[in-house]
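Here are a few friendly notes to read alongside the structure. Keep the 3D view open and find each residue as you go.

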Amino acid sequence: GTELFKVQYFEKTAYLAQSPQFYKQMMVGSGCERVFEVAHVYRAEEHNTSRHLNEYISMDLEFGFIENENDIMNLEEKLIKYILKSIEKNGIKYLELLGAKLPEINRSIPRIELKEAIKIIEEKYNKKGLEGDLDPESEKLICKYAREELGCDFIFITNYPRKKRPMYAMPLGEEGTRSFDLLFRGVEITTGGQRINNYDILINNIKEKGLNPKDYEGYTEIFKYGMPKH
């Protein structure tokens, strides 16, 4: 879903690194049940906006034997709380230098489905015409709602439609997926979700996206031998 930086590598074309998600998924299937990495990411897209970076350091993870996407959000929430406590303890001088205020999570990060978020934005802020996703203004509005009505700077938006999610996203019902975005002060900061772990469903989903399964055989092969929910 993003533009790639191409590099001529001898007689072949190479690309600067993005997410190694497929490789991490294969590691989960091979017995490494939880895998994470921290690495540079490069994307050839707009970089002079408040929503885009063409180079950043990413932390991403895969882990197996989950029940559903809520397990992922639970883990992410614990991680964020730990990070905030660590900054409060060890980075106070930087907060003072920047005049920055740490966000607070009193209990837990609220979770609402995308359809509910759109309904709130339409009814409370009189913004119409949203369908299947949130535009930049809507992300700011739902974060405003989360802060003022729910007392949190963070909010999970869940159950994005299948047409808006990649071929590996686990379906939920006829149109939804077990996926989510985490929004913070008006900007999406993470994306996650349960993956498809069944070989036949994965192949069918690849075809439904208009892609050729043969192009992904190096990735899909391991699913033939059994893959835990991840």
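A salt bridge is a side-chain nitrogen of Lys or Arg within 4 Å of a carboxyl oxygen of Asp or Glu. Please keep in mind that this is a predicted model.

1. Let us begin with Arg162 and Glu208. These two form a salt bridge, with their closest N and O atoms 3.3 Å apart. The pair links distant parts of the chain, since Arg162 sits in the loop between β6 (154–158) and β7 (171–172), while Glu208 belongs to helix α6 (residues 199–208), 46 residues apart. Arg162 is partly exposed, at 24% relative accessible area, whereas Glu208 counts as exposed, at 59%.

2. How many salt bridges does the structure hold? There are 14 of them.

3. Next, look at Glu149 and Lys124, whose side chains meet in a salt bridge at 3.4 Å, N to O. Glu149 lies in helix α5 (residues 136–149) and Lys124 in helix α4 (residues 114–125), so this pair ties together parts that are 25 residues apart in sequence. Both partners are partly exposed: Glu149 has a relative accessible area of 45%, and Lys124 has 42%.

4. Now find a pair inside one helix. The side chains of Lys81 and Glu77 meet in a salt bridge of 3.2 Å, N to O. Because they are four residues apart in helix α2, about one helical turn separates them.

5. A nonpolar patch of about 910 Å² is made by Phe36, Val38, Ile57, Met59, Leu61, Leu75, Leu79, Tyr82, Ile83 and Ile87. Which elements each supply at least two residues of the patch? They are β3 (34–42), β4 (55–63) and α2 (69–90). Helix α2 gives the most, with five residues.

6. You will find Phe36 in strand β3. Phe36 counts as exposed because its relative accessibility is 56%, and exposed means over 50%.

Note on methods:
Residues are numbered from 1 along each chain as its sequence is written. This is a predicted model: local features need pLDDT of at least 70, side-chain atom pairs count only at pLDDT 80 or more; totals for chains, interfaces and linings use all residues. Side-chain values use heavy atoms; hydrogens and water are left out. Patches are made of residues with over 30% relative accessible area and no salt bridge: like charges are joined within 9 Å, nonpolar side chains (Val, Leu, Ile, Met, Phe, Trp, Tyr) within 5 Å. Accessible areas come from the Shrake-Rupley method with a 1.4 Å probe; for residues, only the protein chains shown count as cover. Buried means under 20% relative accessible area, exposed over 50%, partly exposed in between (1.4 Å probe, protein chains only).
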